[in-house]
Amino acid sequence: MASVLRIAILKAVFVMLLAGLSGCGFQLRGQLALPPVLERTHLQVAAGERSTLYQHLKAGLQVNGVSLVTDRNSATAVVEVGGESVSKQTLVKSSSGSALEYELFYSVDFRVTGADGKALISRQDVRLSRDLLYDNATMIGRDTGETRATEDMRKDAAQAILRRIAALSSAQPAR
């Protein structure tokens, strides 16, 4: 009997917790309130449709109810993502002069236009960075770490772009 009561109390606490989170505006990651103008969107990424950035943007738009169209003329909005830039800067060197720690930089620009070509979001940059440690004993691990960090930054950039687009819906006046 005590275990049934304990389960009932846990369920009640869980429901109250969920109600409290939804009341404060909490949303699960990936669930954004995108503006209605993005109903049929043409997504154009300079790196191509096979790029990590394109795939994350595509998935993020679709999970939020956006239909992607291949024909730019039938789109209600166009999301254009420009070229990506990746660079690194040495932060710490060993006594022999080899890099021990460096910072990896990633940037990409994007803009969003309506069907009429009018800018909904003017060209903006998304800039990210990560600190990485060199392990001179494992050269392969270093390259893998850099590749993984770059891919993670592409994923984070896609999320940042989607959040900026979602902010557009709160900035637009109600019709």
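Buried means under 20% relative accessible area, and Asp109, with a relative accessible area of 18%, is therefore buried in this predicted model.

**View 1. The salt bridge between Arg123 and Asp109 joins two strands.** The closest N and O atoms of Arg123 and Asp109 are 2.4 Å apart, and the pair links distant parts of the chain, with Arg123 in strand E5 and Asp109 in strand E4, 14 residues apart. Whereas Asp109 is buried, Arg123 counts as partly exposed because its relative accessibility is 48%. Side chains of opposite charge can pair when their charged atoms come close.

**View 2. Strands E4 and E5 form a hairpin.** The two strands, E4 and E5, pair in the antiparallel sense over 12 bridges, with 4 residues between them, and Gly117 in the turn has a positive phi of about 85°. Thr113, which lies in strand E4, stands opposite Ala119 in E5 and counts as buried at 4% relative accessibility. Not counting residues up to four places away in sequence, Thr113 touches Ala77, Val78, Glu80, Lys118, Ala119 and Leu120.

View 3. Leaving aside neighbours within four places in sequence, Ile165 is in contact with Leu34, Pro35, Leu38, Val79, Phe110, Val112 and Ile121.

View 4. Arg154 is buried, with a relative accessible area of 17%, while Glu151 counts as partly exposed at 27% relative accessibility.

**View 5. Further salt bridges include a pair and a network.** The side chains of Arg127 and Asp125 meet in a salt bridge at 3.1 Å, N to O; Arg127 counts as exposed at 64% relative accessibility, and Asp125 counts as partly exposed at 39%. Elsewhere, Arg72, Glu80 and Arg111 are linked in a network of salt bridges, and the count of salt bridges in the model comes to 8.

Technical notes
Residues are numbered from 1 along each chain as its sequence is written. This is a predicted model: local features need pLDDT of at least 70, side-chain atom pairs count only at pLDDT 80 or more; totals for chains, interfaces and linings use all residues. Side-chain values use heavy atoms; hydrogens and water are left out. Contact means heavy atoms within 4.5 Å. Buried means under 20% relative accessible area, exposed over 50%, partly exposed in between (1.4 Å probe, protein chains only). Two strands pair if DSSP finds at least two bridges between them. A salt bridge is a side-chain nitrogen of Lys or Arg within 4 Å of a carboxyl oxygen of Asp or Glu.
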